[in-house]
Amino acid sequence: MPAMRAAAQVAFDRLELLRILDLYGRMVAAGLWRDYAMDFGKEAASFSAFRRTAERPTARIEKRPALRGRQGMWALYGEAGQVLKRGHELAGVLSPLERRLLKLVED
């Protein structure tokens, strides 16, 4: 039996990307985000959202499958690069951003 080769790069699947882009669209509509970038590497895939193109990302969502068995393969990073949330499920990791959006709607 031939040896399995590791994937050349990590990517988001269709449902993950749909969930992230849905949140992105709602954040754009709220005036919080204006641009995004995606990066796919051997270790991780990331989605970065920007208030303005030239700035550091306001938020970065990262998928790192190597951490699946430990603290979870999903992580949410803040503007200064700090880890805001880690977890095994994308929905849980996106919850701080969802809450911020709800607060804007309530105000």
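**Entry 1**

I looked up Leu21 and found a relative accessible area of 32%, so Leu21 counts as partly exposed (buried means under 20%, exposed over 50%, partly exposed in between, with a 1.4 Å probe and protein chains only). I note that this is a predicted model, in which local features need pLDDT of at least 70, side-chain atom pairs count only at pLDDT 80 or more, and totals for chains, interfaces and linings use all residues. Residues are numbered from 1 along each chain as its sequence is written, and side-chain values use heavy atoms, with hydrogens and water left out.

I placed Leu21 in helix α1 (residues 14–29); helices are DSSP runs of H or I with at least four residues, strands are runs of E with at least two, and both are numbered from the N terminus. Strand β1 (residues 35–40) gives the most to the patch, with three residues.

**Entry 1: The chain as a whole**

I recorded two helices and five strands, in the order α-β-β-β-β-β-α from the N terminus. Of the 107 residues, 35% are buried. The chain exposes about 7100 Å², of which carbon and sulfur atoms supply 54% (Shrake-Rupley method, 1.4 Å probe; for residues, only the protein chains shown count as cover).

**Entry 2: Aromatic rings**

I counted six aromatic pairs (ring centres of Phe, Tyr and the six-membered ring of Trp within 6.5 Å; planes under 30 degrees apart are stacked, over 60 edge-to-face, the rest tilted). Tyr24 and Phe47 form an edge-to-face pair, because their planes stand at 75°, with the ring centres 6.0 Å apart. This pair links distant parts of the chain, helix α1 and strand β2 (residues 45–50), 23 residues apart. Both Tyr24 and Phe47 are buried. Together with Trp33 and Tyr36, they form one aromatic cluster.

**Entry 3: Thr58**

I found Thr58 in the loop between β2 and β3 (59–63). Thr58 has a relative accessible area of 6% and is therefore buried. Beyond neighbours within four places in sequence, its contacts (heavy atoms within 4.5 Å) include Trp33, Phe50, Tyr77 and Arg100.
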